[in-house]
Amino acid sequence: MSDLNKSFIAKTALIAAAVLFSPLGVLAQSAAAPASSTQSTASVSQDRWLHVRVISTDAKGESVRVNVPLELAEKVLPAINKERLHAGKVKIDDAHVNDVDLRALAEAIRTTKEGEFVTVQSNDCDVRLAKQSKRLIIHVLDKEDSKESEVEIMVPMKVIDALFSAGKDELDLVAALHALSAQGDTELVSVKDHENTVRIWLDSKNVTD
Amino acid sequence: MVLTKAALGLGTLVLAGAYTFQEGVIRVDVDQFRSGSSHVHIWVPAAAVPMAMHFVPVSHMRHTSEHAREGLPILHAVLKELKKYSDADFVEVVDHDQHVRVSTHEGKLQIEVDAPDEKVHILCPLSTIEDVTYQLEEHAAGA
């Protein structure tokens, strides 16, 4: 092979290497970047996030913030098979918990028209159980101590329906999560006492406010 | 001839660099702030980990796989879903002067633990954890 040919091959190889390989890094980045931004946009517009926030009101300022995409929970739950949890469903013994037939109770609430079911007002506490705006609302105000504590739980009826949609002695958590993901931005649980503030809610943001 | 070899060598180097760059880096930072404290800072190309696992003795891999067998499907499901959320905060705990945060950043799992006497920061590409999970699953299946 002549020197001219060797030189030509060497230069060609160098140029080929430079042309072929140098954009790889850029490609790798550009391929990753749009995917990332697409995901980010998608997560803002479509994904439903369940948020849990616990803030201690004492001087230490302890706080816990948990953000869970409902889709992630829906996909991961069926993979957990431990004790009573199997395939995203929880087994409950004969649908009785402390001698309360949960299924019968849920069915009764589901078929009953909207309104106030229980209202208790006493010096110790106020309790309110109602079905309102297609949601089951439980409100408890504890006045026993000098420092009041307040609990409010609001569960969409569709979520309760989905929860009891499985077999006789099962609660379908995945179906409940799926039903929850179809809901708009909503508050689910709010607890306020002299030590902590707990809030559980659903929205489309992937960050806690 | 020398130039050809150099070009090929350079090409291989660039290709390996591009692959490493694409896969990212695993970063582990451990800083202790007490007497006799240690500071450990490890940067490992993420691409090296699944490759290195091929050199781990099969008996060790089987042993690890058997211990992790129960959690592997869960880990696999979590990782598959986490990859959809490349930049998100999942858990944040603040307790007085301690701070724990679990998040994803640019497709990497980020775990940060900050305490007055210790600081641990871990950054690992989700794809690397998934590769490791796959390999453990393969060994678990073969066990």
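A: Of the 209 residues in chain A, 13% are buried, where a residue is buried if 20 or more other C-beta atoms lie within 10 Å of its own, exposed if 12 or fewer do, and partly exposed in between, with C-beta atoms placed from the backbone. This is a predicted model, in which local features need pLDDT of at least 70 and side-chain atom pairs count only at pLDDT 80 or more, while totals for chains, interfaces and linings use all residues. Residues are numbered from 1 along each chain as its sequence is written, and chains are lettered from A and ligands numbered from 1 in the order in which they are written.

Chain A holds five helices and 13 strands; helices (H or I, at least four residues) and strands (E, at least two) are DSSP runs numbered from the N terminus. Contacts in chain A between residues at least 6 apart in sequence join residues at least 24 apart in 45% of cases, a contact being a pair of C-beta atoms, placed from the backbone, within 7 Å.

In chain B, 15% of the 143 residues are buried. Chain B has five helices and six strands, which follow one another from the N terminus as α-β-β-α-α-α-β-β-β-β-α. Along the principal axes, the C-alpha atoms of chain B fill a box of roughly 65 × 40 × 35 Å. Of the contacts in chain B between residues at least 6 apart in sequence, 50% link residues at least 24 apart.

The buried residues of α4(B) are V78(B), L79(B) and L82(B). Seen down the axis of α4(B), these buried residues fall within an arc of 95 degrees, so they line one face of the helix; the arc is that of the directions from the helix axis to the C-beta atoms. An α-helix has 3.6 residues a turn, so residues three or four places apart point the same way.

L109(B), apart from its neighbours within four places in sequence, is in contact with T104(B), C124(B), L126(B) and I129(B).

Strand β4 (residues 89-91) of chain A and β11(A) run antiparallel and are joined by three bridges; two strands pair if DSSP finds at least two bridges between them. The open sheet consists of three strands in the order β3-β4-β11 (chain A), with antiparallel pairing. In chain A, β3 (85-86) and β11 (170-172) stand at the edges with a single partner strand each, so one side of each has no neighbour in the sheet.

E83(A), in the loop between α2 and β3 of chain A, has a positive phi of about 50 degrees although it is not a glycine. E83(A) has 8 C-beta neighbours inside 10 Å and therefore counts as exposed. A87(A) sits in the loop between β3 and β4 of chain A; its phi is likewise positive, near 50 degrees, in a residue other than glycine. With 14 other C-beta atoms within 10 Å, A87(A) is partly exposed.

β3(B) pairs with strand β4 (residues 98-105) of chain B in the antiparallel sense over seven bridges, and D95(B) has Q98(B) as its bridge partner in β4(B). Two residues lie between these strands in the hairpin, where H96(B) takes a positive phi near 55 degrees. β4(B) also pairs with strand β5 (residues 108-115) of chain B, again antiparallel over seven bridges. V102(B) has I111(B) as its bridge partner in β5(B). The hairpin of β4(B) and β5(B) has two residues between its strands, and E106(B) in the turn has a positive phi of about 50 degrees.

Definitions and conventions. Contact = placed C-beta atoms within 7 Å.
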